[in-house]
Amino acid sequence: MRFSTVLAALAAFIAFSAAASATVIGIPTDGDLGFQPSASPIMDQIYGFHTLLLIIIFAISLFVLALLVWAMWRYDHKRHPEPKKFSHNMTVEVLWTVVPILILVIIAVPSFRLLYDQDVIPEADFTIKTTGNQWNWTYEYPDHGGFEFVSSMVDDEFLGEHPFAAHRNLTTDVPVVVPVDAVVRMQVTASDVIHSWTIPSFGIKMDGIPGRLNETWFQATREGIFYGQCSEICGIRHAFMPIEVHVVPQEIFDTWVVAAQGDPYGAIDVLTAYYDSLRGDAQLASAR
Ligand SMILES: [Cu+2]
């Protein structure tokens, strides 16, 4: 088995074990460490790359520590009273130049591959355009008739009235909805100051800059509710413009699109009905 395959399997296992009991991802959870569970091929790659770096860093730290301990013991003034007078050692000098270069090359290969895969958007199924505002997000679905809506955080006092998955500082009044496994081209811009559209589980973070149209992409490979937050300090309510993405089966997405073309703010009823129908499903019931 190739080393990269082992790394990917390890990363998938970590992602799976962290997420096995939750379909609502991006909320604070007690005792969690590391990244949020992965839900996209890009995040899988980030996981694998992160694991590779951890192994390399651990090996280097261990080697330097061992070298230090050995040097302190071996060249102690009792064991080694007369210091040697040489000032060059060709072998050691070549080694400490070549080995770090090799390590950097080993890191560079998956790093460049990841950068390339993040940057080059595969053929997209459809596009969503988002505009960051102080302090909420406007979403447009240009490939589905061009309907648009503004998604704002639900304030604490109204959380109790929200039909599903009400989480403080994360739940929005109108979430973004995408079908599972669809390749989505995400266009990001802003109307006033710089914002940043982020979903950690999808491995994406893209600045929204006034007067510029940035692009990124994601493919959500599992159903659920995913949260992110604006990641560019944008003013006094920067912490209160969350991002909420619902990944649902294609037919639920199609129903939602038809409803949203009529009334984007009322289309949330489609999601409510969908989660109600799943209430008996142990896995998705936790979304409520
Ligand atoms: Cu912002």
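**Entry 1**

I started with an open sheet of 4 strands, which has the order 1-10-11-5 and mixed pairing. Strand 1 (24–25) and strand 5 (176–179) stand at the edges, each with a single partner strand, so one side of each has no neighbour in the sheet. A reminder to myself: this is a predicted model, and every value I jot down here is computed from it.

Then I looked at the pair formed by strand 10 and strand 11. How many bridges join them? I found 6 bridges between strand 10 (residues 224–229) and strand 11 (residues 242–248), and the two run antiparallel.

Helix 4 lies across strand 5 and strand 11, and its direction is at about 135° to strand 5.

**Entry 1: helix 4 and its partner**

Helix 4 covers residues 250–262 and helix 5 covers residues 268–277. Their axes come within 8 Å and cross at roughly 150°. Why do I call them roughly antiparallel? Angles over 145 degrees count as that, so helix 4 and helix 5 are roughly antiparallel to each other.

Which residues meet here? From helix 4 I noted Ile 252, Thr 255, Trp 256 and Ala 259, and they meet Val 270, Leu 271 and Tyr 274 in helix 5. Sorted by class, this contact has 6 nonpolar residues, 1 polar residue and no charged ones.

Next I went to another open sheet, where 5 strands are in the order 4-3-2-6-9 and the pairing is mixed. Strand 4 and strand 9 (214–219) stand at the edges with a single partner strand each, so one side of each is left without a neighbour in the sheet. From one strand to the next, the twist averages 25°.

I walked along the sheet from the strand 4 end. Strand 3 and strand 4 (residues 147–151) run antiparallel and are joined by 5 bridges. In this pair, Tyr 139 has Phe 149 of strand 4 as its bridge partner. The two strands form a hairpin with 5 residues between them. I clicked on the turn and found Gly 145, which has a positive phi of about 100°.

Strand 2 (residues 126–133) and strand 3 (residues 136–141) also run antiparallel, with 5 bridges. Here Lys 129 has Glu 140 in strand 3 as its bridge partner. This is a hairpin too, and 2 residues make the link between strand 2 and strand 3.

At the other end of the sheet, 6 bridges join strand 6 (residues 183–190) to strand 9, and these strands run antiparallel. My example pair is Val 183 with Gln 219 in strand 9.

**Entry 2: helix 2 against helix 3**

Back to helices. Helix 2 (residues 41–74) and helix 3 (residues 90–119) pack at an angle of about 165°, and their axes are 10 Å apart. With that angle, helix 2 and helix 3 are therefore roughly antiparallel to each other. I looked up the handedness as well: the crossing of helix 2 and helix 3 is left-handed.

On the helix 2 side, the contact is made by Ile 42, Gln 45, Ile 46, Phe 49, Leu 52, Leu 53 and Ile 56. On the helix 3 side, I listed Ile 103, Ile 107, Pro 110, Ser 111, Leu 114, Asp 117 and Gln 118. By class, that gives 10 nonpolar, 3 polar and 1 charged residues.

**Entry 3: a closer look at Ser 196**

Is it buried or exposed? A residue counts as buried with 20 or more other C-beta atoms within 10 Å; Ser 196 has 22, so it is buried.

Which residues does Ser 196 contact, leaving aside neighbours within four places in sequence? I found Lys 205, Met 206, Asp 207, Gly 208, Cys 230, Ser 231 and Glu 232. Gly 208 is 12 residues from Ser 196 in sequence, while their C-alpha atoms are 5.3 Å apart in space.

**Entry 4: the whole protein**

Last, I zoomed out. The protein has 6 helices and 11 strands. Of its 288 residues, 30% count as buried. Among contacts with a separation of 6 or more, 66% are between residues 24 or more positions apart.

Key: Residues are numbered from 1 along each chain as its sequence is written. This is a predicted model: local features need pLDDT of at least 70, side-chain atom pairs count only at pLDDT 80 or more; totals for chains, interfaces and linings use all residues. Two strands pair if DSSP finds at least two bridges between them. Axes are lines fitted to C-alpha atoms, for helices over the stretch in contact, and angles run from 0 to 180 degrees between N-to-C directions. Angles under 35 degrees count as roughly parallel, over 145 as roughly antiparallel, 65 to 115 as roughly perpendicular and the rest as oblique. A crossing is left-handed if the near helix is turned anticlockwise from the far one by less than a right angle, and right-handed if clockwise. Two residues are in contact if their C-beta atoms, placed from the backbone, lie within 7 Å. Ala, Val, Leu, Ile, Met, Phe, Trp, Tyr, Cys and Pro count as nonpolar, Asp, Glu, Lys and Arg as charged, and the others, Gly among them, as polar. A residue is buried if 20 or more other C-beta atoms lie within 10 Å of its own, exposed if 12 or fewer, and partly exposed in between; C-beta atoms are placed from the backbone.
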